[in-house]
Amino acid sequence: MQRLDKSYKQTDYLEFLNNTFGFSQTLKPITIDNQEVKSFEQLGFITTSDAKKLPVFEIHIKPNTKLQRNRVQLRNLVAKKIQLEDGALAVYVDGENKQWRFSFIAIEYKFTEDGVKKEQTASKRFTYLLGEGMQTRTAKLRFETLNKTSTLADLETAFAVETLNEDFFKELYKWYEKAQQEVIFPNDENAQSHTQAGLIRFLTRILFVWFLKEKHLINPDLFNVEKLKALIDYDKNSSFYKAILQNLFFATLNRQISNDNKTNRSFRKRTPEGKVSDADYLVTSIYRYQDYFRDQDEQKIMGLFKQTPFLNGGLFECLDREASDEEKSAYSQDKTIRKVCSAIRIDGFSDGKKNPLDFNNALFFNASETGLCDLFKRYQFTVEESTPLDIEVALDPELLGKVFENLLATYNPETGEQARKATGSFYTPREIVSYMVDESLKQHFKTATGLDDETINELFIESENKLKCEQIQAVIKAIDNLKILDPAVGSGAYPMGVLQRLVFILEKIDHENKHFKQQQLGKAEQMDEASKKVSIEVIEQVFSAENQHNAYGKKLMLIEKCIYGVDIQAIAIQICKLRFFISLAIEHKPNSDPYNNYGIKALPNLETKFIVANSLLPLDEKPEHPGLFDTDIDNLKTTLAQVRHQYFTAKTLSTKRKYRDQDREIRQTMLQTLKKTGITPAIETSMTKVVNWDLYNQNAQSDWFDPEWQFGVKVGFDVVLGNPPYAQIKRNIYPKANFPYAEGKDKGKQNLYKLFLELSYNLCNKNGVATMIVQSSLMGDLSAAATRQLLLDKTHLQHIIEFPKTAKAKDKQVFSSVTQGTCIYQFLKQKSDNYPINISIDNDSHTIKQLQFSEITKQDIKTLYPTLLYLPKIIYGSTSILNRIAKNSNIEPLVNFAQSIRQGDINLTSQKAQFSQQVSDTKLLRGRHTQRYHVKYNEADEYILTGCQTEQITFNQVNIFLVSQEITGMVDERRLHFALHQTQQPIIWGHTVNKILLTDQQHSQYFLALLNSKFMDWYFRITSSNNHVQGYELKQLPIPKIAKPEQQPFIELVDKILTAKKDGKDTTALEAQIDKMVYRLYNLSPAEIKIIEAEK
């Protein structure tokens, strides 16, 4: 193919198509009505080796067209020209031919209800950015794999973005592991994981810089190793990190450009003798390391950074700070805790001799090209955010979220030890995020606007706006009043998904910001004079004519008013903020005016939006009694909210410090005011926590979470969503008063997902919706029974979407290394009477687009599973089976017919001293000896020691038991393996066997037939959540009560099977007869039988 890093030439492109595919050239101009397109031409068709025919298009875009804001209509231009083909290839060429996009458009179809006609449902575009200045290594390698034997699947693989991201992460992780061994950061806070956290923090900064570099806002010479060697003393240790990167981070990106020399960017002052001045000690927004430059002229050095704008936002704020009085006192007691008394060093932005910082140059550039900058240069970065339907085969902000979440998963912040193997598979796929975001927002709009489902669904579709003015205003008001929280935000995938979707909706219904701007101005008018003035200035600026056609104003307002996040890891919050900063930065159009900050608007301060806290730990007690909240307290709370609002857009360090000081003073005044009212010691303790919490310390973690005090949200959130951690923890860590179900009622093992589910209920307002993806053990595990009770009794549970541990298609696995199944739940915080619950099972990241639901009512669940309240894994058509069982008074649970249902006689772990391979009279049998309809007594090779378990041996000899394997695979053909234990042999059963002793042992063969039937295996599977076959699961199996004569046909067939098994004969036909009799027993229809027979 032509040089991919050069301007586009049609002749070279046609040559590539001819050489690579079966290409039929038919140059045909296409007439379209589109103001952004200069020309549209079909070049012909390619045919893959598996006979898939794809049209090929060439689209030339007019000059000054912003592809980012027009990519939907440009994609749809091609999609509309595709008839029933499986996709298309398209080249989009910019106005000057210098840059071009090579796209594969994949088309999704569905059949009409009659199953005959194919209809196009969606188009998805995968795109390489090519041409001048682009990094084309990945595209070149991928295209070299294509030839005339390539299939459509090979073509899809060549445009796959997942492999690109995995490759990048693997290379980055190798660098990260090496850097952990070599880099030394100051550690004045004595954090065990400071190196890992410092490296991840550094990566957030350098990656943002790389994105800025894509917008030509960073001097490229700073990352050219040959030019660097002429600029700095490259042989001096850490000279690149210190002289270039730290000055870029802290003295450039974190310092405003001013035409006043007193406030403009500058170097640390020096004395007449040339020594650095103490006057600038711990001033972290000035240039340092002058001695590291070959030409030490200050103006020339600062000229290297001249084209870089001020960003604000805190990402590039140096974390070095003055030590507190307590920290200074501690130093006086023990001088080994850090290098100096007066400063806490975290970043180590200091040219003092005691600075321990060591970040050698070879970690950035080296001969083997394994340095970080070497790595970055091999990949194409894009500032455009991919969507589920428009995906660039490049590293975009969304994909970087995945990279960082994987890095976060590789170390334990408490111990600094590696927590998980780095596999790159902990991130929620964007298809899942998009679905959860859309469903949550649809429900919010339904509650807040009163619009019908069809109108609301239309908001989420790429089409012309059909809403009337009053409907637009209703939607905008619902958006503006929206409060959404992710209580375990990680790298920010869900809040970012919300932001993207809300911007999409606003762009559709209010493209020129007319209504949304007016909504913001209306709210500003209600503020105090100082806040109103600041707010109106910001609103007018971000919605000015200059910004009318970008989304910056929308994003800024949505972030401040609607979106909140919490995470227990400080570095996760840093990454989350990075995602939002990039999202805002991509909306700016750079210019050459330094005093207009090169066209880049200063980023907001997100400390008030994303906080470091344990969201599961509430304040112990809050001053909520009306008598305590007098006018003074109300006024202070209002003032605090106004200060944080003004801080959001504060730019200068002095202004930010002013608001931080005011924030602290207001909280202190609140505490003193409350003390005068006679508050309890518990309330005083809580309020002391509020006062001492440092919202603005990026490394500080709050050991409590309260939406009112930390976010100003008192009545709860409209939407709570996310992917909380799944981990077993000890019980009673969290207060039962706040978690009466997860910590109070649930039994057995505790898992974080149950606490987060209950937290999502606690945090929702009265009309709120909660949507989270958690372990699918929620649906059937004994330890989650009370959590299911919460869902059924306290909420309107709308749907459950289950994803098995192993997807049918490996590449569609939701979490490729999570060792259990998962499920999405969504509920409304509205207690409802009997209502249908929609359940969809056996899904993956692809089927999420076309879910198939089955309904079961809350009352049916309570009838079928009165104690455990299972959420069964049912498919379409199977609900009628459960309804019939629930309504049949002649069917009762197995427990009603049993004296006991328990595990075997001996624990094979704790009682292993009671058995060995030394022969005795009594054999030990395990689960593996229990097969369907027979026990392999002769294969037992372990024995019970003489004198042990004598009473149990006798009991086993005189009774008839039904025994089953206690562990079977979730994907095994059969889960239930029951046999009859009826022998005079002395036998002891291990705990890997279940034993059922019926009240009337004469019915044992009838029960054996039922329990080994396909129907009962199906019934067991729909509630099983793990590999165990446990007693509590067996107890609820439905057993029809029939008289002894009606049992006789079952008994006769079982006798034949038992005899055949002894003789080693096949019993398939006999078992099939039992299955048919069981179907009649439960009155199943042919369609229902088909469901059972198909289940595996």
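Analyst: Let's start with one term: a residue is buried when its relative accessible area is under 20%, exposed when over 50% and partly exposed in between (1.4 Å probe, protein chains only). This is a predicted model, in which local features need pLDDT of at least 70 and side-chain atom pairs count only at pLDDT 80 or more, while totals for chains, interfaces and linings use all residues. Residues are numbered from 1 along each chain as its sequence is written, and side-chain values use heavy atoms, with hydrogens and water left out.

User: How many residues of helix 32 are buried?

Analyst: Helices here are DSSP runs (H or I, at least four residues) and strands are E runs of at least two, numbered from the N terminus. Helix 32 covers residues 1014–1021 and is mostly covered. Its buried residues are Phe 1015, Met 1016, Asp 1017, Trp 1018, Tyr 1019, Phe 1020 and Arg 1021. The count for helix 32 is therefore 7 of its 8 residues.

User: At what angle do the axes of helix 13 and helix 15 cross?

Analyst: Helix 13 (residues 430–449) and helix 15 (residues 469–480) have axes that come within 10 Å. In helix 13, His 444, Phe 445, Ala 448 and Thr 449 meet Ala 474, Val 475, Ala 478 and Ile 479 of helix 15, contact being heavy atoms within 4.5 Å. The axes, lines fitted to C-alpha atoms over the stretch in contact, with angles from 0 to 180 degrees between N-to-C directions, cross at roughly 115°.

User: Which residues is Glu 182 in contact with, leaving aside its neighbours within four places in sequence?

Analyst: You can find Glu 182 in helix 5 (residues 161–182). With a relative accessible area of 29%, Glu 182 is partly exposed. Its C-alpha atom is 64 Å from that of His 981, 799 residues apart along the chain. Beyond those neighbours in sequence, Glu 182 touches Asp 358, Asn 360 and Leu 363.

User: What is the phi of Asn 732?

Analyst: Asn 732 sits in the loop between strand 14 (728–729) and helix 25 (740–745). Its relative accessibility is 52%, so Asn 732 counts as exposed. Phi of Asn 732 is positive in a residue other than glycine, with a value near 70°.

User: And what is the phi of Asp 842?

Analyst: Look in the loop between strand 19 (836–840) and strand 20 (854–857) for Asp 842. Asp 842 counts as partly exposed because its relative accessibility is 32%. Although Asp 842 is not a glycine, its phi is positive, at about 60°.
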